[in-house]
Amino acid sequence: MNDRLKTAAASLSTLAILTLWWWAMTRPGGLDKSVLPSPHDVAGALHAGLITGTLHAHILATGKAAMLGLTIGVSLGVAAGALVVLVPLLEMFVLPVVTAMQSIPKVALAPLVVAYLGFGIASKVFTAAMLTFFPAFLAAVAGLRAVDAAHLDLYRACAASPLHTLWNLRIPAAAPYLFAALQVAVIFSLIGVVVSEFIAATEGLGYVIKARSLELDVSMMFAAILVLCAIGVAAGLAVQLLQRRLVFWRRP
Amino acid sequence: MSGPRRWLPALAPFITLGLLLLAWWLATRVFGAPAMLLPDPWITLQGLATGLRSGEIQGDALATLSAAVLGYLIGALLAFGLAAAMAMCRPLERMLLVPLMAFQSIPKVALAPLLYLWIGFGMQSSVALVALACIYPVFVNSLTGLRAVDQNLVDLYRVSGAGELRILWSVRLPSAAPQVFVGLEISVVFALLAAVVMELVAGERGLGVRIQAASATLDMATVFGAVAVLAAIGVTASAALRWLRRKLLFWQRNPAAVQATA
Amino acid sequence: MQQASEGSAQAALSIRKLDLAYASSRGPVQALLQLDFDVEAGAFVSVLGPSGCGKSTLLRLACGLLRPSGGSIALAGRPIEGPRPEVGIVFQQPTLLPWKNVLDNVLVPVRARGADVGVARLRALELLRMVKLEAFASHYPHELSGGMQQRVGIARALVHDPALLLMDEPFAALDAMTRENMMVELQRIWRGTGKSVLFITHSIPEAVFLSDRVVVMSPRPGRVVQTLAIDLPRPRNIETMGSPRFAALTNELRQVFARMEPA
């Protein structure tokens with residue numbers, strides 16, 4: 001308890017120092033607001049964006065695309081992973097190739113996706129799905145394989161079908177892995193959507209950041225970045241909460 | 001074991017690649033997929049060859065690679081230094097850990113336009129974004145590795161009269177090395193990702209720029225060619241790091257990665 | 001003691017000249033060699049042997065998870081060629097699924113076989129009553145002690161009413177006092193069900209206490225070195241373990257072990 005208090009105090013003091021430094025640098029006579037806006041300017045931009053609502057549509061656009069992309073990418077990834085585990089022969093053909101593809105920055109294909117699918121939500125969703133598919137697939141394969149050998153023997157001794165074993169044994173056993181991958185996927189889906197919005201979009205937080213940069217409206221850029229941050233953190237917490245509820249048997 | 005059973009697993013991925021290439025060739029030559037969707041493999045190869053001959057592809061690849069490598073080194077060194085300092089000095093750790101986690105929660109790619117605004121055109125902004133992207137994975141894995149040192153071993157050295165620096169060199173570093181390497185390996189992927197993203201946002205040259213320009217004109221052959229080169233870089237870089245780890249840390253098995261997200 | 005009378009049902013488990021060899025990176029390995037013994041209907045037979053003698057291999061053959069290289073292993077007259085519903089198995093580790101409660105864990109074999117859960121449910125509750133865990137039906141494995149988990153494992157092995165129960169050192173993971181309690185419990189449960197039991201163990205007192213017959217196996221390749229009939233009267237209890245006849249039997253088995261060549 002004491003340790004926690006010390007950590008909290010120390011962290012708060014660091015944040016206080018940083019905020020003070022920030023405020024000092026941006027006082028009148030200091031850095032121009034188009035280089036580094038003052039805390040006051042950023043607060044103003046946040047107010048305009050969140051309370052007055054200029055950012056609402058953009059938040060919705062990014063959030064929707066990220067959720068869709070995440071759902072599609074992870075579902076396909078897990079399904080493909082399950083397939084590879086059910087058909088052992090596929091594993092040695094597909095797994096090394098997909099593992100190698102992890103080292104390839106798939107964001108590089110974002111411009112291509114935009115060229116095909118246009119400025120709308122489709123290219124954002126596709127890019128996000130593309131990025132989230134791979135960690136989900138690899139985690140699914142690792143998790144579905146990481147079953148206790150004794151449990152497998154039990155199911156085999158009961159002459160259970162591979163599908164029954166998959167559903168009742170492998171998937172629950174794989175849950176911790178899948179949730180870890182979900183945490184990663186949440187971030188990747190946001191990255192995918194934001195990059196897609198950088199390249200070509202008409203709305204979304206990434207679009208805001210890019211568009212505002214052209215007008216040197218750094219305050220709003222900061223505001224949008226902070227909102228993105230908040231979305232990322234909130235999503236991460238949501239996954240953690242879900243994990244704690246569903247994977248109730250493992251104390252993390 | 002019968003003959004085919006032994007070499008099949010090693011050959012299988014190449015068979016898969018071969019089948020994919022075959023499918024590509026069939027799709028374009030036999031089934032006539034439109035060039036706008038899927039370029040002809042031969043034309044792609046020719047485009048690649050032309051690019052290589054003129055040195056353009058090498059130039060672009062070098063631009064992306066050097067930004068990635070420089071940013072990676074800066075970020076990794078900074079991150080490791082930070083982790084080492086925090087591992088040795090508990091108060092420092094208390095002060096910086098939560099702010100660093102807050103820093104981690106910012107999707108680094110979102111900073112690309114900001115960095116461009118601050119630093120301007122050119123490789124510097126790429127290097128900056130790459131460095132920022134690599135910091136957290138290396139940091140969190142290094143910290144975990146350094147913290148997990150066997151206290152008994154440290155005590156042994158201390159009792160024998162060794163100083164802190166000697167302990168750092170002989171005990172903490174080798175003990176932490178496998179986990180540190182895991183962080184380094186994860187960061188390679190993020191480094192390339194950040195370099196490409198920066199180029200897509202505001203690059204003057206590099207593979208990302210090339211891909212973006214070619215995508216706009218649906219010059220699929222160039223896109224595929226550039227993506228292939230990028231893929232080769234990514235795979236080679238990861239493999240190189242894995243090889244390095246195996247050589248340097250021949251005694252250790254792979255520790256689990258502390259998952260960090262850029 | 002349940003004695004199979006002359007001309008009664010065929011031996012539950014019949015093992016004749018059983019061989020098992022497998023290929024390893026160092027060449028072919030003979031795990032079992034010309035194994036030959038029976039488990040009669042309703043009998044409790046222990047297989048006693050040092051580590052590495054192939055006891056677990058024998059169990060996997062009886063489960064239908066492995067095929068013999070030579071000889072035969074048959075259940076109720078039919079050779080075992082795959083998992084058979086007449087067999088229930090209890091492992092060394094309870095291996096309960098942590099995400100299912102006790103009752104659902106007992107029902108795992110039923111669901112796996114695609115059988116009717118409704119009927120099996122009643123049976124599962126009955127079995128939990130028999131192992132004295134009916135109050136824990138909706139509890140989760142991590143809320144139970146090792147001994148309790150193992151009892152659930154026993155209930156699970158019996159839920160589909162197998163004729164033969166295979167037990168692979170089921171008390172090895174438990175502490176000594178729980179082991180002794182479980183031994184007495186197991187005898188009580190077995191006497192209530194009339195099943196045949198093949199019990200793998202490396203504990204001599206355990207084998208003597210529980211069995212009608214003890215089969216001693218040698219280190220690899222596993223062969224039957226000796227069979228000893230245990231004529232202690234049933235029901236046996238803790239006092240039985242202090243009796244001179246018990247001591248004599250355990251001593252005899254100890255000598256058999258002492259005479260064996262180390263692996």
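Domain bounds come from an automatic or database domain assignment. On that basis, chain C is divided into domain 1 (13-86 + 163-259) and domain 2 (98-161). The model is predicted. For the complex, the predictor gives an ipTM of 0.86 and a pTM of 0.79.

**Confidence in chain C**

- Chain C has a mean pLDDT of 86. In this chain, 95% of the residues reach 70 or more.
- Residues 1-8 of chain C are a stretch where pLDDT stays under 50. The model has ten contacts beyond four places in sequence for these residues.
- Where pLDDT is low, the predicted coordinates should not be read in detail.

**The two domains of chain C**

- The C-alpha centres of domain 1 and domain 2 of chain C are 24 Å apart.
- Ten residues of domain 1 of chain C are in contact with ten residues of domain 2 of chain C.
- On the domain 1 side of this contact in chain C, helix α6 (residues 176-193) gives the most, with five residues.
- That side of domain 1 of chain C has seven nonpolar residues, three polar residues and no charged residues.

- Strands of a sheet pair through backbone hydrogen bonds, either parallel or antiparallel.
- Strand β1 (residues 13-24) and strand β2 (residues 27-39) of chain C run antiparallel. Nine bridges join them.
- β1(C) and β2(C) form a hairpin, and two residues lie between them.
- Look for C:Ala21, which stands opposite C:Gln30 in β2(C).
- β1(C) is also joined to strand β4 (residues 70-75) of chain C, by five bridges. These two strands run antiparallel.
- C:Leu13 has C:Leu75 in β4(C) as its bridge partner.

**The six-stranded sheet of chain C**

- Six strands of chain C form an open sheet with mixed pairing. Their order is β6-β7-β8-β3-β9-β10.
- The edges are β6 (87-90) and β10 (224-229) of chain C. Each has a single partner strand, so one side of each is left without a neighbour in the sheet.
- Neighbouring strands of this sheet are turned against each other by 15° on average, direction ignored.
- Strand β9 (residues 213-217) of chain C pairs with β10(C) in the antiparallel sense, over five bridges.
- C:Met217 stands opposite C:Val224 in β10(C).
- Helix α1 (residues 55-63) of chain C lies across β3 (44-48), β6, β7 (164-168), β8 (196-201) and β9 of chain C. This helix runs at about 150° to β7(C).

**Chain B**

- Chain B has ten helices and zero strands.
- The C-alpha trace of chain B spans about 75 × 65 × 30 Å along its principal axes.

**Where chain A meets chain B**

- In this contact, 45 residues of chain A meet 46 residues of chain B.
- Several helices of chain A each supply at least two residues of the side that touches chain B: α1 (2-25), α4 (88-101), α5 (110-117), α8 (162-199), α9 (205-214) and α10 (218-246).
- The largest share of that side of chain A, ten residues, comes from α8(A).
- The residues of the side of chain A that touches chain B divide into 33 nonpolar, ten polar and two charged.

- Two packed helices are described by the angle between their axes and the distance between the axes.
- The axes of α5(A) and helix α9 (residues 207-216) of chain B come within 8 Å. They cross at roughly 10°.
- Angles under 35 degrees count as roughly parallel, so α5(A) is roughly parallel to α9(B).
- From α5(A), the contact uses A:Pro111, A:Leu112 and A:Ala115. From α9(B), it uses B:Ile211, B:Gln212, B:Ser215 and B:Ala216.
- The contact of α5(A) with α9(B) has five nonpolar, two polar and no charged residues.

**Where chain C meets chain A**

- Here 17 residues of chain C are in contact with 15 residues of chain A.
- Helix α3 (residues 108-112) of chain C gives the most to the chain C side, with three residues.
- The side of chain C that touches chain A has eleven nonpolar, four polar and two charged residues.

Technical notes. Residues numbered from 1 in each chain as written. Chains lettered and ligands numbered in written order. Predicted model: local features only at pLDDT ≥ 70, side-chain atom pairs only at ≥ 80, totals over all residues. Contact = placed C-beta atoms within 7 Å. Helix = DSSP H or I, 4+ residues; strand = E, 2+ residues; numbered from the N terminus. Nonpolar A, V, L, I, M, F, W, Y, C, P; charged D, E, K, R; others polar. Axes fitted to C-alpha atoms, helices over the stretch in contact; angles between N-to-C directions. Parallel < 35°, antiparallel > 145°, perpendicular 65-115°, else oblique. pLDDT = per-residue confidence, 0-100. Pairing = 2+ DSSP bridges.
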